[in-house]
Amino acid sequence: MQEIIKESKIKMGKSIEAYRHELAKIRTGKATTALLDGVKVDYYGTLTPLKQAANVSVLDAHTLSVTPWDKSLINAIDRAIMQADLGLNPMNDGTNLKIPIPPLTQERRKDLVKLVKKFAEEAKIAIRNIRRDANEHLKKKQKDDKLPEDSLKDAEQSVQKTTDEHIKEIDQILAHKEKEIMEI
């Protein structure tokens, strides 16, 4: 029974990490290299993640810098960033791209908060599904091994406690990201 509880805890932790990864891609008006994680560049006929074709760094709080490994890719990277529909306009100096991060409008901030809440709800659903699966495994194990009802109840309470902790963590992450987005 303990291995089922331990496995569910690990899976719930992975759900939170996936949620954090999704949030990292959301623009908050501050420069972060994660903004360009989804950008793919046409690298000699192959769509390649930008990170594998260039060095992406933060110059200051409102500017990113992209330095391609192969200088002939500068225009392809410029195009890829424009086509990614991130609302960013790179400035090409021939060897590097500087990307100013424009401030967010109030309307865009509200849209981003809705998106963050949607991601939070999806993460909570994933955690509840893990709880359901763990409880089903526990009931099956109890029937197969003829374990006492008390052991099952204790294990289910442990899974519920873990679920509550992870959902509370998602709520905290959500509150922090919402505050970050709404800051002017």
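How do helix 4 and helix 5 run relative to each other, roughly parallel or roughly antiparallel? In this predicted model, the axes of helix 4 and helix 5, the latter spanning residues 149-182, are 10 Å apart and pack at an angle of about 170 degrees. An angle over 145 degrees counts as roughly antiparallel, and the two helices are therefore roughly antiparallel to each other.

Just after helix 4 comes lysine 146, whose phi is positive, at about 55 degrees.

## Helix 1 against helix 4

Helix 1 takes up residues 2-24. Its end C-alpha atoms are 33 Å apart, which agrees with the 33 Å that its 23 residues should span at 1.5 Å a residue. The axes of helix 1 and helix 4 come within 10 Å and cross at roughly 170 degrees. That crossing makes helix 1 roughly antiparallel to helix 4.

On the helix 1 side, the residues that meet helix 4 include Glu3, Ile4, Met12, Ile16 and Leu23. On the helix 4 side, Val116, Phe119, Ile127, Ile130 and Leu138 are among them. By class, this contact of helix 1 with helix 4 has 14 nonpolar, 3 polar and 5 charged residues.

## Helix 1 against helix 5

Helix 1 also packs against helix 5. The axes of helix 1 and helix 5 come within 10 Å and cross at roughly 10 degrees. An angle under 35 degrees counts as roughly parallel, so helix 1 is roughly parallel to helix 5.

Residues of helix 1 in this contact include Ile5, Lys9, Gly13 and Arg20. They belong to a set that meets residues of helix 5, including Ala155, Val159, His166, Ile170 and Leu174. The contact of helix 1 with helix 5 has 10 nonpolar, 6 polar and 4 charged residues.

Which residues of helix 1 are buried? They are Ile4, Ile5, Ser8, Met12, Ser15, Ile16, Tyr19 and Leu23. Helix 4 and helix 5 are included in what covers these buried residues. An α-helix has 3.6 residues a turn, so residues three or four places apart point the same way.

With a relative accessibility of 5%, isoleucine 101 counts as buried. Its C-alpha atom is separated by 21 Å from that of histidine 176, which is 75 residues away along the chain.

Arginine 109 has its place in helix 4. Is its position buried or exposed? Arginine 109 counts as buried because its relative accessibility is 6%, and the cut-off for buried is under 20%. A polar atom of the arginine 109 side chain lies 3.4 Å from the backbone oxygen of leucine 104. The backbone oxygen of isoleucine 181 lies 2.5 Å from a polar atom of the arginine 109 side chain.

## Around the end of helix 4

Glutamine 142 is also placed in helix 4. Its relative accessible area is 13%, so glutamine 142 is buried. Leaving aside residues up to four places away in sequence, glutamine 142 touches Met1, Leu147, Pro148, Glu149 and Leu152. With glutamate 149 there is a polar contact of 3.5 Å between the two side chains.

Aspartate 42 is in strand 1. It counts as partly exposed, at 46% relative accessibility. Not counting residues up to four places away in sequence, aspartate 42 touches Leu47, Leu73 and Ala76. A polar atom of its side chain lies 3.0 Å from the backbone nitrogen of glycine 45. The C-alpha atoms of aspartate 42 and lysine 118 are 76 residues apart along the chain and separated by 31 Å.

Tyrosine 44 lies in the loop between strand 1, residues 40-43, and strand 2, residues 46-49. Its relative accessible area is 59%, so tyrosine 44 is exposed. The phi of tyrosine 44 is near 55 degrees, a positive value in a residue other than glycine.

Methods. Residues are numbered from 1 along each chain as its sequence is written. This is a predicted model: local features need pLDDT of at least 70, side-chain atom pairs count only at pLDDT 80 or more; totals for chains, interfaces and linings use all residues. Side-chain values use heavy atoms; hydrogens and water are left out. Buried means under 20% relative accessible area, exposed over 50%, partly exposed in between (1.4 Å probe, protein chains only). Helices (H or I, at least four residues) and strands (E, at least two) are DSSP runs, numbered from the N terminus. A polar contact is a pair of N or O atoms within 3.5 Å; within protein, one must be able to donate a hydrogen and the other to accept it, and residues adjacent in sequence count only if both atoms are side-chain atoms. Axes are lines fitted to C-alpha atoms, for helices over the stretch in contact, and angles run from 0 to 180 degrees between N-to-C directions. Angles under 35 degrees count as roughly parallel, over 145 as roughly antiparallel, 65 to 115 as roughly perpendicular and the rest as oblique. Contact means heavy atoms within 4.5 Å. Ala, Val, Leu, Ile, Met, Phe, Trp, Tyr, Cys and Pro count as nonpolar, Asp, Glu, Lys and Arg as charged, and the others, Gly among them, as polar. The expected span of a helix is 1.5 Å times one less than its number of residues.
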